[in-house]
Every structure is written in C-alpha cells, then in structure tokens.
Amino acid sequence: MKLANLDMKQTTSPKGVRALVDFGKYELSIICNEGSYGGKNGGTLYEIGVFKGNGMVELPGITEPGDTVKGFLTESEVNAILTKMYTITGKQGVQI
C-alpha cells in the first residue's frame with residue numbers, strides 16, 4: 001500500500017485531506033490540513049496518528065515515546081510507515 005493509492009478525502013474544517021487505514025487492531029490516520037504538523041508547508045507534508053479502539057496510542061516504530069502523532073512527513077516517509085504498520089500487525093491495510 002502506498003499513499004498515492006489512497007483516496008484522500010477532502011475536509012472542510014480544517015481545510016485539507018484525510019485518509020484512515022485499518023490494520024486490524026490499529027487504525028492509521030493520515031492528514032494534511034491547515035492545522036496539522038506540516039500542513040501549512042504547501043500541502044506536501046503529512047501528519048499521522050495511530051488509533052486503537054476509540055483512542056490514540058503510542059506505537060513503537062511508528063510514533064515517538066510519549067507522543068501519539070508524528071508530523072512533517074514526506075510522502076516517502078508515510079509510505080515507509082504504511083509498510084511498518086503491515087510488518088507490526090501482519091495485516092494488509094484497508095482504507096475505511
């Protein structure tokens with residue numbers, strides 16, 4: 001799975017784009033909007049967050065200790081995170 005293959009949904013509040021990918025017990029949120037870390041950089045940098053159930057969680061290898069989001073990511077860095085999520089979960093991501 002690659003970022004380019006995802007259908008990035010338009011958001012209006014805040015203005016930007018978003019995709020959510022299900023990896024079994026985890027979901028990966030990928031956003032680029034006016035309020036995201038890197039979103040004001042011309043719409044070329046992304047922020048990710050990992051969800052488990054109804055809450056955001058730290059996930060070693062994906063987020064930093066003590067943080068549930070990671071920002072200022074290039075497309076290739078998001079692609080690497082999508083690959084890591086598959087490796088961690090053993091599940092092929094499915095966009096939801």
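These notebook entries record what I looked up in the structure, from the overall fold to its helix.

**Entry 1. The model and its elements**

I noted at the outset that this is a predicted model. I then listed the secondary structure and found one helix and seven strands in the protein. Read from the N terminus, the elements follow the order β-β-β-β-β-β-α-β.

**Entry 2. Extent, surface and contacts**

I took the spans of the C-alpha trace along its principal axes, which are about 35 × 30 × 25 Å. The accessible surface comes to about 5,500 Å², and carbon and sulfur atoms account for 51% of it. Of the 96 residues, 38% are buried. I also looked at contacts with a separation of 6 or more: 44% of them join residues 24 or more positions apart.

**Entry 3. The largest nonpolar core**

I asked which residues touch the most other members of the largest nonpolar core. They are M8, L28, I30 and M85, in a core of 21 residues. Two or more core residues come from each of β2 (15–22), β3 (27–33), β4 (46–52) and α1 (75–89). The largest share, four residues, is that of α1.

I next examined I30 and set aside its neighbours within four places in sequence. The remaining contacts of I30 include L3, L6, M8, V17 and A19, as well as Y46, I48, V78 and L82. Two further contacts of I30 are R18 and E47.

**Entry 4. The helix α1**

I checked the length of α1 against expectation. At 1.5 Å a residue, its 15 residues should span 21 Å, and the end C-alpha atoms are 21 Å apart, so the two values agree.

I then asked which residues of α1 are buried. They are V78, N79, I81, L82 and M85. Viewed down the axis of α1, the buried residues fall within an arc of 160 degrees, and therefore they line one face of the helix. S76 and T87 are exposed on the other side of α1.

I looked up what covers the buried residues of α1 and found that the cover includes β2, β3, β4 and β6 (69–73). Three of these strands, β2, β3 and β4, also give two or more residues to the core.

Last, I inspected the residue that follows α1. This is G90, and its phi is positive, near 75 degrees.

Key. Residues are numbered from 1 along each chain as its sequence is written. This is a predicted model: local features need pLDDT of at least 70, side-chain atom pairs count only at pLDDT 80 or more; totals for chains, interfaces and linings use all residues. Side-chain values use heavy atoms; hydrogens and water are left out. A nonpolar core is a set of buried Ala, Val, Leu, Ile, Met, Phe, Trp, Tyr and Cys residues joined through side-chain atoms within 4.5 Å. Buried means under 20% relative accessible area, exposed over 50%, partly exposed in between (1.4 Å probe, protein chains only). Contact means heavy atoms within 4.5 Å. The expected span of a helix is 1.5 Å times one less than its number of residues. The arc is that of the directions from the helix axis to the C-beta atoms. Accessible areas come from the Shrake-Rupley method with a 1.4 Å probe; for residues, only the protein chains shown count as cover.
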